[in-house]
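Trainee: I would like to go through this structure by asking about single features. Please show it to me before we start.

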Amino acid sequence: MTLLHYLTVSGILFVIGLFGALTRRNTIGILMSIELMFNAANLNLIAFNRFLYPERLDGNVITLFIIGVAAAEAVVGLALVVTIYRNLNTIYSEDFNLLKG
Amino acid sequence: MLEHAYLIPIIPFVTSLVILLGGKEGKDSKMPYLGIAAMGWCFLQSSVLFFRALSGRMPLEAGKEFFLHQRFPWLEWGENLRINVGVLVDGPAVTLLFVVTLVSLLVQIYSLGYMHDDKRKKRYYAYLSFFTASMLGLVIASSIFILFACWELVGVSSYLLIGFWFEKPGPAYASKKAFITTKLADCGFYVGLLILFCYAGTFDLVSLKSYIAQGLLPVEVAKAVGIGFLIGAIGKSAQIPLFIWLPDAMEGPTPVSALIHAATMVVAGIYLVARTYFIFTAAPTTMGAVAWVGLFTAFFAATMAITAYDIKKVLAYSTVSQLGYMMLGLGVYGYTAALFHLTTHAFFKALLFLGAGSVIHAVHTNDMREMGGLYKRMPTTAATVGIATLTIAGLPLLSGWWSKEAILHDVYAVSPGMWVVAVFTAGLTAFYMSRMYVLTFLGAPRNEEKHSHAHESPLTMKIPLWTLAVLSLFAGGILHYNGLFEHLVHFKLPEGSHGSHHAPAYLLPGAAIFVFAVGVGLAYKLYSGSLETAQQLRGKLSIAAETLEQRYYFDDFFLGLVKLSDKLATACYWIDSRIIDAIFIDGWALVLRALAAVNDFIDSFIVDGAVDGVGTITQDAGWGLRKLVRGQVQEYLLYVSLAVAVFATFMLSR
Amino acid sequence: MEHIVFYSLSSVALISALGVVLMRNVLHCALMLGLSLMAVAGLFGSLGADFLFAGQIVVYVTGVAVLVLFVVMLAGRESELNSPQTNDKWPLALVIGAITFGGFWRFFGAYADTYATTDAEPTTRGIGILLLSDYALPFELISLILIAALIGAIHFSRVEESQ
C-alpha cells in the first residue's frame, strides 16, 4: 500500500463530502457531509504522518484536536438545527432566506 | 511767532470743536466769547506777522521768496506718493492771514449784536470758527493737496453757514445751490490737481514752482492744469458762468455774508490762482482765459447790480464784479494789483455788508424800496457805509481808488480795449453803489412805519463798522505808500510778459475820476427823489431791465441745462428700454432661449440619457445579479467552493 | 491481507459516504454516516494510529452519529421522503468536485512510490506525552471550546420559559 492509495481514498471522501455539503437540502445532511470532509482531512493527516514522518506523532495529535473541534461543531450545529426547526418549522436550507436582498 | 504760524488755523479749529461740544446752547451761551477770544489771539499773531513783514523786519529765507516753509511728512504710500503737511508763509499769505483774521474777528464781535436773539448762538459761533479755521488753513497750506482739503472744508462750512436758518426753505435751497455749484467747479480743480501731480509727482508749492521754473512741465499740460484750476476758482469766486450761487447765498445771516462773501471764501478762488500763479504764467493762454473771465464777470455782474432792489443782492453782484476785477488783474500780470485790491476790497466790502446788516437789523427788510432817509435814524451806519460806498465807487485817495487804479493800469498795459470795458465797469460800480446808498439812506422815507421803528445798532456792531471804515479810508493809501505792498508781495514779473502799451500820465486817473463823477451824479439824480423817474426809465428799457433782473438768464440757462439733461435722460431711457433693451437685450434673450432649448434637448436626451443609461444599466445589472443572490447560504458556499477550487488548483499547480 | 483490509475498508467508507450524500431518508443517511466513520476508523487502524482508531469510534460513531440520529428523529418528517433531498445545483457541484479532485490528483501523483518503511508502533504513550508537553496549550483550548460548545448548544436548544 502506498501513500497514494490512502490519499486517493481521502480525496474521494472529501469530494463526496463537498458534493453533499453543496447539494443536500436538508440541513442535517449538510452537517453530516461536513463530518465526512473532516474525516477525509483526518485520514490525510494520519496517512502523511505514517508514511513520511513515522517517528513523530504530531499528525495524530492534530487529528485528535480536529476530532474535538468537529465534535463541538456538530453539537452546536445540531443545536442550531433544532432551534431553526423550532422557529421556522423547516430544516431545508433553501427556506433560510432571511439574507435575501 | 513765525515758526508757530501753524497755530493760526489750528486754534480756531480746536475752538470750533470746543464750542460745538461744550457748553449750553441758547441765547445766553457764553461760547461766543471763547470764539472771539481765540480769534483775537489769531488776529494778534497774524497782525504781528503782517506788520513785521510789511516793515521789512521779518527776513525772507535765504535766497527764497517766502518767510517760512515748514513741512512734515503726513501720508506716505510707497516711493511716489508722499504728501506733506506744512505751512508756507509768504507775502500774500501774511496779507490774507491778516485780512481773514481781522474780518473774522470783527464779524464775530458784530454777530454778538446781530445774532443777539438767535437760539443757536453756540452752533453759529462753532461754524464761524470752523469756517475761519478752514480758510486760514487754505491760506497757509504749503501743499496744494492740503489747500484742496481746506478748500473743500471751506465749501462745507459755507454750506453750513448759508443754510444756518435751515428751517426756512430759502436758506436751505441756497445752501444746497452754493454747495452743488461750487462742487461742480471743484471737479475742475481736482482734475487739474491730479494732472499736475502725475507730471510733477509732488503737491508742494515750492517744489512745484522750482519744477515749473526749470521748464519741466509741458506747456499743454500747464494749460490743462491752469484751466482746471481756473474752473475751480470760477466756482469758488463766483465768476461767470458759475456766479449764480452767490446772490442766493445772501439768504444766510448778514455777518456770514460779510465774512464769506466779502473777505474770505470768495477770494479763495483768487488766492488759488495767485498761489499757483507760476502755472498760469507758464501757459500764457490760461492767462488770457483768466483775464477774459474776470472782465466778463466784472462787467455783467455790475450791470446786474443796477436793477436789483434787494440791498444784499446789490452787494452780492458788486462782490462778483469786484472779484472779476481781481481775476482781470491776475490775468493781465497784475499780480500785486490784484492782491492789493483783494485786501482793500475785503475791508470795504465787509464794511458794506456789516452796514447792510445793521440796516436790515433795524428795518427788518432787504428791500431798498422800503427804506430811504435812514441817515437820520442811523448816523453811524450811514456814515460808515457812505465811506465804504465812496471807497468802492473810487473816490480818489481812498483805498479802493489805489487798488482799482493799479489794476486798471496793468489792464491798459496789456490791452486798451479791455481797459475801456473795465473803466466803464468802474463807472457802473460808482452808479449802482451810489444808487444803493441813495435809496437806503438819503431822500425821504418811503415806508414811514419801518422808518419810525428803525434805530441805531448797539455798540458791538458799531465797533466793527468804524474799524473797517478807518481801514477803508486809509489802508489803501498806507499800503500804496512807498511801494510797501509791492515789496511785501515780492512779485517778479516773468520775462517779456509786461504789456507794451503806455498811457498818457493823465489818462488813467482822469478817466477814473470822470466815470466816478458821472456814476455818482447820475445815481443821485435818478434816485434821490421819488422812484418814479427810475420806474419810467425801467419801463422804456424793459427788455434790458428784465434781462438784468433775470441775471442774463443764467439761472434759466442752468435750469434749462438741467431740464435738457432730464429730457436727454428720458430719451436715453426710451432708447435704452425700447431699442437697446427690446432689440439687443430681449432679442438676445430670445436667441439665448432658443440656444437654451437646444441645450436642454442635448442635455436631457443625450447627456442625461447617457448618465441615466449608465444608471439604468447598473440598476438592471443589479436587478439581474440580485437574482443570483437569493439569500441561499448553500449557494454562496457553492460559488465559494467553485472559486476556491479553480483558483487553488491553478495557482498551486504552477 | 493488507490489501484486502484496505480495499474493503475503503470501499465501505466510500460507498457509505455516497449513501450519506445521496440517500433520501435522513435516518438512513445518519446510519450510513456511522458506517462510513467506522470504516474510516478502520483505515486509521490500518495506518497504525491505534489511539485515534479508538477515539474515532468513541467520539464519532458513538457520539456524533448517535447525536445526529437523535436530531433526525426530533426534526424529521414523513413528507421528506417524497421530496428530493438534493437541490438543483448538483451538476455544478459535480463539476466543482471533479475540479477539486483533479487538483488533488496533481499532488497525489508524487507519492505513488511512497511506502511505509517502519512498522507501526503503539502511539498512545507518545500522544499522551505530546498533549501534556508541546501541545498543552491547544489541548486546554480544545477543552475550552468544548465547554463553550456545550453551553452554546444548551443556550440554543433550550426552550424559553416565557414561551
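Trainee: Where is Ala238(B) found?

Mentor: This is a predicted model, in which local features need pLDDT of at least 70, side-chain atom pairs count only at pLDDT 80 or more, and totals for chains, interfaces and linings use all residues. Residues are numbered from 1 along each chain as its sequence is written, while chains are lettered from A and ligands numbered from 1 in the order in which they are written. Helices (H or I, at least four residues) and strands (E, at least two) are DSSP runs, numbered from the N terminus. On that numbering, Ala238(B) is found in the loop between H8 and H9 of chain B.

Trainee: Is Ala238(B) buried or exposed?

Mentor: A residue is buried if 20 or more other C-beta atoms, placed from the backbone, lie within 10 Å of its own, exposed if 12 or fewer, and partly exposed in between. Ala238(B) has 31 other C-beta atoms within 10 Å, so the residue is buried.

Trainee: What is the phi of Ala238(B)?

Mentor: Most residues other than glycine have a negative phi. Ala238(B) is not a glycine, yet its phi is positive, at about 55°.

Trainee: Which residue is joined to Pro241(B) by a cis peptide bond?

Mentor: Pro241(B) has its place in the loop between helix H8 (219–236) and helix H9 (245–248) of chain B. The cis bond has an omega of about 5°, and the partner of Pro241(B) in it is Ile240(B).

Trainee: Is Asn89(A) buried or exposed?

Mentor: Asn89(A) lies in the segment after helix H3 (58–88) of chain A. Its phi is positive, about 60°, although Asn89(A) is not a glycine. Because 10 C-beta neighbours lie inside 10 Å, Asn89(A) counts as exposed.

Trainee: Why is H2(B) roughly antiparallel to H3(B)?

Mentor: Axes are lines fitted to C-alpha atoms, for helices over the stretch in contact, and angles run from 0 to 180 degrees between N-to-C directions. The axes of helix H2 (residues 31–54) and helix H3 (residues 91–114) of chain B come within 8 Å and cross at roughly 150°. That makes the pair roughly antiparallel, since angles under 35 degrees count as roughly parallel, over 145 as roughly antiparallel, 65 to 115 as roughly perpendicular and the rest as oblique.

Trainee: How many bridges pair strand S1 with strand S2 of chain B?

Mentor: Two strands pair if DSSP finds at least two bridges between them. Strand S1 (residues 68–77) and strand S2 (residues 81–89) of chain B pair in the antiparallel sense, and the number of bridges is nine.

Trainee: Which residue in the hairpin of S1(B) and S2(B) takes a positive phi near 70°?

Mentor: The hairpin has three residues between the strands. The residue with that phi is Gly78(B).

Trainee: At what angle do the axes of H1(A) and H1(C) cross?

Mentor: The two helices are roughly parallel to each other. The axes of helix H1 (residues 3–23) of chain A and H1(C) come within 9 Å, and the crossing angle is roughly 10°.

Trainee: How many residues of chain C are in contact with chain A?

Mentor: Two residues are in contact if their C-beta atoms, placed from the backbone, lie within 7 Å. On the side of chain A, 58 residues take part, and on the side of chain C the count is 72.
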